[in-house]
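Please study the sequence and the structure, then work through each task before reading its solution.

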Amino acid sequence: MLTSIDHIVLTASDMDKTISFYCDVLGMTLEDFTPSDGGEARKSLKFGNQKINLHHAKLPYKPHANNPVSGAMDICFLSSTTIEEWQNIFSENNVVIEGGPVQKTGATGPIMSLYVRDPDQNLIEISNKI
């Protein structure tokens, strides 16, 4: 039986812009790691017990998705920071809010969500459980 997601992979066209958005705006932590097979050092974004591995669009780490492209992700992050605080964070960082706050249905029940885009135009949903 599956129990959780260990990590996801984000394909980025501009690694610096991607790292800045996820670390400086969303508050994730950048981590370098070396794969267990001894390959080249890689980068990941960490938050809580979660990890997003970064692949550069022009040179994705193998193995990879059949068609690794930037801008194709749509992901929802749960947050303990209030939606109102997120609105302020996005405003201070010139991040356009595309939608919300709006009530949606999350994996475990109702959530209140805001929608923004990262530098590659991936859809990022920031949500609070309600």
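**Exercise 1.** Determine which element gives the largest share of the lining of the largest pocket.

*Solution.* The model is a predicted one. Step one is to list the elements that give two or more residues to this lining: they are strand 4 (50-56) and strand 5 (74-78).

**Exercise 2.** Describe the space and the surroundings of the largest pocket.

*Solution.* Begin with the space, which is about 460 Å³. Next, consider the lining: 18 residues form it, and Ile5, Gln50, Cys76, Phe77 and Leu78 lie nearest the centre of the pocket. Finally, sort the lining by class, which gives 10 nonpolar, 5 polar and 3 charged residues.

**Exercise 3.** Which strand gives the most to the lining of the second largest pocket?

*Solution.* First, identify the strands that each supply at least two residues of this lining, namely strand 3 (42-47) and strand 4. Then compare the contributions: strand 4 gives the most, with 3 residues.

**Exercise 4.** State the volume of the second largest pocket and classify its lining residues.

*Solution.* The volume is about 310 Å³. The lining consists of Met15, Gly39, Glu40, Ala41, Arg42, Lys43, Leu54, His55, His56, Leu59, Pro60 and Tyr61. Divided by class, the residues of this lining are 6 nonpolar, 3 polar and 3 charged. For this count, Gly is placed among the polar residues and Tyr among the nonpolar ones.

Technical notes:
Residues are numbered from 1 along each chain as its sequence is written. This is a predicted model: local features need pLDDT of at least 70, side-chain atom pairs count only at pLDDT 80 or more; totals for chains, interfaces and linings use all residues. Side-chain values use heavy atoms; hydrogens and water are left out. On a 1 Å grid over the protein atoms alone, a cavity is a set of points where a 1.4 Å probe fits but cannot get out, and a pocket is an open set with protein on both sides within 12 Å along at least five of seven lines; lining residues have an atom within 4 Å of a point. Grid points are joined across faces, edges and corners, and a volume is the space filled by probe spheres set on the points. Helices (H or I, at least four residues) and strands (E, at least two) are DSSP runs, numbered from the N terminus.
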